[in-house]
Amino acid sequence: MTLSLVSVVDDDESVRESLPDLLRELGYRVQAFSSAEEFLASEYVGQTGCLILDVAMPGMSGLELLKELTRLGYRIPIVFITAHGDDSTRPLMLERGAVECLSKPFSDVALVRALKVVFSGLKE
């Protein structure tokens with residue numbers, strides 16, 4: 001079985017360091033990016049099976065990246081993560097096409113549940 005690539009895009013360095021470690025322990029290949037622009041410029045866009053994406057970042061926001069990926073013809077499942085969310089954030093992100101929207105700090109269990117939704121049928 002080919003390991004699925006999960007790309008993490010977050011301007012928070014601690015998230016970019018800790019989240020990939022957890023994802024690797026769960027059996028995923030991981031690439032981390034500090035900005036939406038860095039992700040878009042990478043060779044990994046077309047290889048990404050799931051995008052874990054911060055909502056609010058300097059420069060291009062997570063929602064703007066979603067719009068740009070759609071414009072470019074990519075249909076990458078997205079799990080949004082946010083430290084600035086309120087009760088309206090999650091429904092809005094789901095309405096825009098996200099698989100899930102998790103508020104930081106989120107539990108490993110919540111992340112695993114979201115990834116199972118994304119990769120059901122793709123993993124084992």
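Is E100 buried or exposed? E100 is buried, with a relative accessible area of 16%, where buried means under 20% relative accessible area, exposed over 50% and partly exposed in between (1.4 Å probe, protein chains only).

This is a predicted model, in which local features need pLDDT of at least 70 and side-chain atom pairs count only at pLDDT 80 or more, while totals for chains, interfaces and linings use all residues. Residues are numbered from 1 along each chain as its sequence is written, and side-chain values use heavy atoms, with hydrogens and water left out.

The structure holds five salt bridges, a salt bridge being a side-chain nitrogen of Lys or Arg within 4 Å of a carboxyl oxygen of Asp or Glu. Three of them are included here.

| Salt bridge | N to O distance |
|---|---|
| K104 and D10 | 2.7 Å |
| R71 and E68 | 2.7 Å |
| E100 and R90 | 2.7 Å |

E100 lies in strand β5 and R90 in helix α4 (residues 89-95), so this pair ties together parts that are 10 residues apart in sequence; helices (H or I, at least four residues) and strands (E, at least two) are DSSP runs, numbered from the N terminus. R90 is partly exposed, at 39% relative accessible area. D10, by contrast, is buried at 0%, and a network of salt bridges links D10, D54 and K104.

F80 is in contact (heavy atoms within 4.5 Å) with residues including D54, E100 and L102, its neighbours within four places in sequence being left aside.
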